[in-house]
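User: I have a structure open and could use a guided look. Can we go through it in short steps?

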Amino acid sequence: MKLESASAFEADRAAGAGENYRQVSYWLASSGDDLTPRQFVDKDYTVDVAILGGGFSGLWTAYYLLELEPSLSVAVVEREICGFGASGRNGGWCSPRLPIETAALVKQCGIDAARSALSALKVAADDIGRVCERESIDAEYRKTGLLSLARSPSQLKKAEQAYDCLRSLGLNDDLELLGKEEAVAYVNASNIFGGMRTSWGATVHPGKLVRGLARAVERRGGKIFEGTDVQSLDTGSSAALHTRYGAIRAKRAVVVAGEAYLAERPEFSRKLLPISSMIVLTEPLSAEQWASIGWRGGESLCSYVNVKNYLTRTSDGRILYGSRGAPYLFGSKLSEDAIKDQRIFSWMRGCLNEWWPQLEDAAITHQWGGYLGVTRNWMPTASFDRTAKIGQLYGYAGRGVATSAFAANLLAQQIANPNANTISNYPVFQPKPQKWEMEPFRWAGVRYIQNAYFRIDKADSNGLPQPIDAPFAKRLGGI
Ligand SMILES: Cc1cc2nc3c(=O)[nH]c(=O)nc-3n(C[C@H](O)[C@H](O)[C@H](O)COP(=O)(O)OP(=O)(O)OC[C@H]3O[C@@H](n4cnc5c(N)ncnc54)[C@H](O)[C@@H]3O)c2cc1C
């Protein structure tokens, strides 16, 4: 097949692309950028560090590298535009939390590792605010804390267990277990039995953060290529990212930070799964509507359901309701069409109405979905192999906004300093994830768990006994 010339490709690519990227999420649309792709890789380049992926992981790695060693040459190569992936589509929680609950974390990694990781993540979430200030990134960073509401008696038990576990780790500064009245005073939603609140963490406008971070990387001398698919990579003495029109050779390291999209590559297909999450967003609510809801602190909000949910009060007065998305697709396929499924958006709209029946007439102005990368034990991977000259960051599941900045900082320290071994100080980052099962077992298992969690939540919210297979499903799903 004859390849088109680089300049013809460039012309096609630039035409109207910014407008298409506005459709990806409300966050990209309201990021204040015109989203026209930057220059693509048109020839061979040589740099010190070449990074695959222009999301938070890739950009934070570039940012911290340039902070630690300003003379480094760093290039980020992004297939679409910076923020096209989960980083430009998420719920805006910047929380010091890992994908699994604290008790499970302690079981997997031990008390000390769990405590040190959660404490370090708290600092990392605060650091994002500090970088925003220093770099003048108006990412609407607000130190709101986190509020988890119990909306059934069994959810109240989970809140109590979570509280006891955090207390046993000594992580209870400004942590409150809330009774019904106290919880309702924070947020007046239906069916509240109590909850837990902590001042740890913040909310952000992820679109403004990811686009602002890209500009900060450029100001520090980093080079960002967009609209460029990395087709293959080499490690060791010939470390490089290979693209259609040229290679980015890396003297010191290549970094792989492609999150869920990596699952499409054979070498990652059993290391992580692409699981989707979807979001509906209301119009800005009126002062009366807000008065009836409360939620004055704008905390990152959720309940203790198994099919996770996350709610955010945006700074322009909307409610974002996010939850798990479309069913897993055979062979770890990622499909933009699957995450536009109207039935799932309608179900989420129903969930929102169930929380606040008075919002029945509030218009949904935006809805979108995205993919997160999930490893077999739901823990993120961060690693650096100095001999093979390859760094890897992925698998944050739905908890990557603060964690990616933290992991990227650790990786940057290891790349910049030949004697540093910073990642291994945090055993929550597994160097090599366990493998997922082969297909079709993977598809059957994941679909079964997704379906079982819906059934378990439905029975719980209707006050019915748990489905007979609930213990089995929970054990299989690791909750
Ligand atoms: C709907 C949704 C809601 C979420 N909500 C939250 C939340 O509220 N709080 C939270 O902490 N986390 C949340 N997450 C998770 C969080 O957004 C991610 O963990 C985080 O953004 C991961 O950043 P990343 O850079 O690793 O991956 P991504 O942002 O996905 O970036 C990977 C990038 O790599 C690029 N890429 C992939 N392959 C190639 C290739 N071959 N060549 C070139 N480029 C390539 C992709 O185009 C993409 O831009 C959510 C995720 C989703 C999808």
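This is a predicted model: local features need pLDDT of at least 70, side-chain atom pairs count only at pLDDT 80 or more; totals for chains, interfaces and linings use all residues.

User: OK. Into which domains is the chain divided?

Analyst: Domain 1 covers 6-90 + 206-271 + 377-425. Domain 2 covers 100-117 + 137-202 + 272-374. Domain 3 is 441-477.

User: And what separates the centres of domain 1 and domain 3?

Analyst: Taken over C-alpha atoms, those centres are 36 Å apart.

User: Now the inside. How many residues are in the largest nonpolar core?

Analyst: The largest nonpolar core has 145 residues. Val49, Ala50, Ile51, Leu59, Val77 and Leu411 touch the most other members.

User: Which helix gives the most to this core?

Analyst: Helix H12, residues 401-416, with ten residues. The core also draws on two domains: at least three residues come from each of domain 1 and domain 2.

User: Take Ala50. What is it in contact with, leaving aside neighbours within four places in sequence?

Analyst: Ala50 is in contact with Ala75, Val77, Ala240, Leu241, Ile248, Ala250 and Val254.

User: Switching to the ligand. How many residues surround it, and which are the closest?

Analyst: There are 42 residues around the ligand. The closest are Gly55, Gly85, Gly91, Gly370 and Gly400.

User: What classes are in that shell?

Analyst: The shell has 17 nonpolar, 18 polar and seven charged residues.

User: Which helices and strands each supply at least two residues of it?

Analyst: Helix H4 (56-68) and H12 do. So do strand S12 (273-282) and strand S16 (364-374). By domain, the shell takes at least three residues from each of domain 1 and domain 2.

User: Let's follow S12. How does it pair with S15?

Analyst: S12 and S15 are antiparallel, with five bridges.

User: Is S15 buried or exposed?

Analyst: Six of the six residues of strand S15 (residues 319-324) are buried, so S15 is largely enclosed by the rest of the structure.

User: What about S14 and S15, how many bridges join them?

Analyst: Five bridges, again antiparallel; S14 is residues 309-313. Asn309 stands opposite Ser323 in S15. The two strands form a hairpin with five residues between them, where Gly317 takes a positive phi near 80°.

User: How many bridges join S9 to S10?

Analyst: Four bridges join strand S9 (residues 230-234) to S10, and the two run antiparallel. Ser232 stands opposite His242 in S10. Their hairpin has five residues between the strands, and Gly236 there has a positive phi near 70°.

User: Where is Thr243, and why does it count as buried?

Analyst: Thr243 is in strand S10, residues 240-243. It is buried because 21 other C-beta atoms lie within 10 Å, and the cut-off is 20 or more.

User: What does Thr243 touch, beyond residues up to four places away in sequence?

Analyst: Thr243 touches Val41, Val77, Thr228, Asp229, Val230 and Gln231. Val41 is 202 residues away along the chain, yet the two C-alpha atoms are separated by 7.2 Å.

User: Now Ser148. Where is it, and is it buried or exposed?

Analyst: Ser148 is in strand S4, residues 146-150. With 22 C-beta neighbours inside 10 Å, Ser148 counts as buried. Ser148 touches residues including Ala159, Gly195 and Cys302. Ser300 is 152 residues from Ser148 in sequence, and their C-alpha atoms are 8.2 Å apart.

User: Which way is the peptide bond from Glu439 to Pro440, cis or trans?

Analyst: That bond is cis, with omega near 5°. Pro440 is in the loop between H12 and helix H13 (441-461).

How values were computed. Residues are numbered from 1 along each chain as its sequence is written. A residue is buried if 20 or more other C-beta atoms lie within 10 Å of its own, exposed if 12 or fewer, and partly exposed in between; C-beta atoms are placed from the backbone. Two residues are in contact if their C-beta atoms, placed from the backbone, lie within 7 Å. A nonpolar core is a set of buried Ala, Val, Leu, Ile, Met, Phe, Trp, Tyr and Cys residues joined through C-beta atoms within 7 Å. Domain bounds come from an automatic or database domain assignment. A residue is near a molecule or strand if its C-beta atom, placed from the backbone, lies within 6 Å of it. Ala, Val, Leu, Ile, Met, Phe, Trp, Tyr, Cys and Pro count as nonpolar, Asp, Glu, Lys and Arg as charged, and the others, Gly among them, as polar. Two strands pair if DSSP finds at least two bridges between them.
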